[in-house]
Amino acid sequence: KETWLQTILLSFQSLGVVYGRLSTAPLYVFGSIPPKDFKSEESVYEYFSFIFWTLTIVSLVKYAFIVLRANDDGEGGTFALYSLLCRHAKVGLIPNDKTADEVMHYEAGSSNRTKIESRARRAIAKHKSSHYLILFLALFGACMIIGDAVLTPAISVLSASRGLQRSLSDIKYVPLPSACAILVCLFTLQHYGSHRIGFIFAPIVILWLLLIGGVGIYNIIHCDSQILSAISPTYMYKFVKNISLESWRALSSVILCVAGSEAMFADLGHFSKKSIKMTFVSLIYPVLILCYAGQAAFISHALSPKNLDDVPEDYNHLYKSIPDHVHHLFTVLSLLASAIGSQATITACFSIINQCLALGCFPRVKVIHTSNKIHGQVYIPDVNWILMVLSLGVTIGFHDTKRIGNAAGMAIISGMLVTTCLMSLVIALYWERSLLVSACFLIFFGSIEAMYLSSSILNIHKGAWYLVVLVVLSMTVMVAWHYGTKKKYELDLENKVSTEWLTNLSLGLGVSRVPGIGFIYTDIVTGIPAFFSHFITNLPAFHQVLIFVSFKSLPVPYVSPSRRYLIGRVGPREYKIYRCIVRYGYCDHIRDTDDFEEQIISSIGEFISLEEHDSECLTSPEGRMIVIGRQPPEGHALIPLHDTSLNAEGSSSSNAVTEWNPKSPMDDASGKGKKMKKVRFMLPDNSKMRMSVREELKELVEARDSGTAYFLGQSHLAVRNGSNFLKQFLIMTYVFCDKNCREPHVALNIPHAALVEVGMVYTI
């Protein structure tokens, strides 16, 4: 259980990761509103009223008090909401073997069992089109977070660079080079992970908050003490009453004040609900209100009748409202804080893509877990460098905060609207509240966000089109990958052969058994994969011990190690053929091959010793399966012996898909040449063990000592002649991504001399 000391520590770290974006929003909220829209002091009051109520309703009420409660075992974001709906409303479209659902989701005594179906749950489960709509919403929300991670660094750093240009007025073109330099430094630091970045950035954010909060109080006192009366909703009514196309379009800048609220939820896996909520309510929210009020007071004072003849240039930008005696401090802190402000969306992007990977909705990329205490803290180098290139392209191509702000505003409000839609379903289907409560949530928050979305759409020709292009590209890749993955899996199921084919019919082929263990990696959890039957038909021989290994993602963040492995037999005992199903959550990471192989063999040893009298088992289409992971009552069936005789350079690959790195990925290079553990096994001295069990365990140990081979099936998709354009386009996109992304995790760290790849081509 999280202690108060841990909560305070996580709150401190969250300042440097989660709240940098919200804290630096004042740099560009008023500044992105065209100066001509500030027609009088009254108009300033109206805009501030919108900012106050938007920050209160969206960030405070919706996210801090409601949405954070809908976390999926500590994970947040649109895909966390989607996984809740997959489990509790049966809307999942993730490829799965329908005949093996019981095997995959078997959890003795689990609290995650599907609840009694309500009328709404039955209605949604019945209509397949609603399943596609919910998946589309989840993918669309993920694309918006990716787009926000591209745009936020650009607008934050460019806004701060304006202040630097004022301090160095004699130097031309300062904002663009300095902004690009800061962006490169920011993305280069990402490999240190949220834990270290939080400690590095948090003190700067605290100083920044103290500065803008103090300046806000100073401006309220010296410029316009009546500005706090603008929190009255009557000013919003006056704005709407006198609305025009230009003023309505300016509302797309107001929504930037809640930029970073969605990251509060998406970054939940990096910290905790209590720490994020406590920090926002007690510090971030009051400081931001004071800052916006102070800036509005300064603008109101500048537009007062007595100052109309001396209105300063760029009076609506934050750096103009800073007193001269702290202006140099503001310039330095704004540059640092603006870089930090981008951290929230970058971290959120890593979290969302990591979830998409496990749910089969994103091409394979390298994921590095940067903490052994908080599993959600991840770093994805491939995505990091792509974000850096795109963000630099936006900065150089637009070099204008107004146009980038238009695109960022559309990304922010679109992502929030997706969260509102999915959250309304969670309220009805998971929390099991009445449909009236769900509808009220959707209508209240959805109408506010739809209003801001309509104002953002009016600016689509003023920079927002870039977001549309970015979302179309990312959505195409994600939809094509999900479609190709699903089709390939369905074809694998259709072409698999029965267990009897291997155990009975293969005898007629004159199949011989050779010493050693054969690991056959397959996506299916029942039957014999088509690629292995193809291999046996052409080369009638297989190993003394066969182990069919399947990795299966469950729509949960983590699967306990004690519940991870399901072990069963394929065919009669004398054939020595086993099946191992490895279940993992969308935030779990797969271990390296050497350690994993040790766990598989140990688990099979436990299965052999527990098979006869284990009460906690289930019946699959192929026979009994046992959950392995707890300590057997009579001790371990196999005792591992470690030998450091294997050199890491000979069996390790730098292309790891997932790994745990407590320091940084840069340390990987220094690890080459180190000795790796070669694990051997011996039988325990247990007189109570039956002779048949001991003989089978002895054969398993002898097979391991004889050597190991790995069989991988490479399924390829081809489009049938005459197929429609959409299918051809999706399959071509999938094939392109499959050839250019990372290798499957089971293909990594396997010695090439022991790897056998069998190709299959499916025409669809």
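**Exercise 1. Packing of two helices**

At what angle do the axes of helix α9 and helix α14 cross, and within what distance do they come? Classify the arrangement and identify the residues that form the contact.

*Solution.* The model is a predicted one.

Step 1. Two packed helices are described by the angle between their axes and the distance between the axes. For α9 (residues 193–222) and α14 (residues 327–341), the axes cross at roughly 130 degrees and come within 9 Å.

Step 2. An angle over 145 degrees would count as roughly antiparallel, and 65 to 115 degrees as roughly perpendicular. The pair α9 and α14 is therefore oblique.

Step 3. The crossing of α9 past α14 is left-handed. On the α9 side, the contact is made by Phe201, Ile204, Val205, Leu207, Trp208 and Leu211. The α14 side contributes Leu329, Phe330, Leu333, Ser334, Leu336, Ala337 and Ile340.

**Exercise 2. The surroundings of Ile340**

Determine whether Ile340 is buried or exposed, and state which residues it contacts beyond its neighbours within four places in sequence.

*Solution.* Step 1. Ile340 belongs to helix α14. Its relative accessible area is 1%, and the cut-off for a buried residue is under 20%; Ile340 is therefore buried.

Step 1. With neighbours within four places in sequence set aside, the contacts of Ile340 are Gly16, Gly20, Phe201, Ile204 and Val205. Phe201, Ile204 and Val205 are also among the α9 residues that make the contact with α14.

Step 2. For the protein as a whole, 85% of the contacts between residues at least 6 apart in sequence join residues at least 24 apart.

**Exercise 3. Cysteines and disulfides**

How many disulfides are found in the whole structure?

*Solution.* Step 1. A search of the whole structure finds 0 disulfides. The criterion is a pair of cysteine sulfur atoms within 2.5 Å.

Step 1. For Cys349, the closest cysteine sulfur is that of Cys356, at 9.2 Å, which is too far for a bond. Cys349 is buried, at 0% relative accessibility.

Step 2. For Cys741, the closest cysteine sulfur lies in Cys737, 7.1 Å away and likewise too far for a bond. Cys741 also counts as buried, with 18% relative accessibility.

**Exercise 4. The setting of Ser275**

Locate Ser275 and identify the side chain that it joins in a polar contact.

*Solution.* Step 1. Ser275 is part of helix α13, which spans residues 273–302.

Step 1. Ser275 has 0% relative accessibility and is therefore buried. Its side chain is joined to that of Ser272 by a polar contact of 2.9 Å.

Methods:
Residues are numbered from 1 along each chain as its sequence is written. This is a predicted model: local features need pLDDT of at least 70, side-chain atom pairs count only at pLDDT 80 or more; totals for chains, interfaces and linings use all residues. Side-chain values use heavy atoms; hydrogens and water are left out. Buried means under 20% relative accessible area, exposed over 50%, partly exposed in between (1.4 Å probe, protein chains only). Helices (H or I, at least four residues) and strands (E, at least two) are DSSP runs, numbered from the N terminus. A polar contact is a pair of N or O atoms within 3.5 Å; within protein, one must be able to donate a hydrogen and the other to accept it, and residues adjacent in sequence count only if both atoms are side-chain atoms. Axes are lines fitted to C-alpha atoms, for helices over the stretch in contact, and angles run from 0 to 180 degrees between N-to-C directions. Angles under 35 degrees count as roughly parallel, over 145 as roughly antiparallel, 65 to 115 as roughly perpendicular and the rest as oblique. A crossing is left-handed if the near helix is turned anticlockwise from the far one by less than a right angle, and right-handed if clockwise. Contact means heavy atoms within 4.5 Å.
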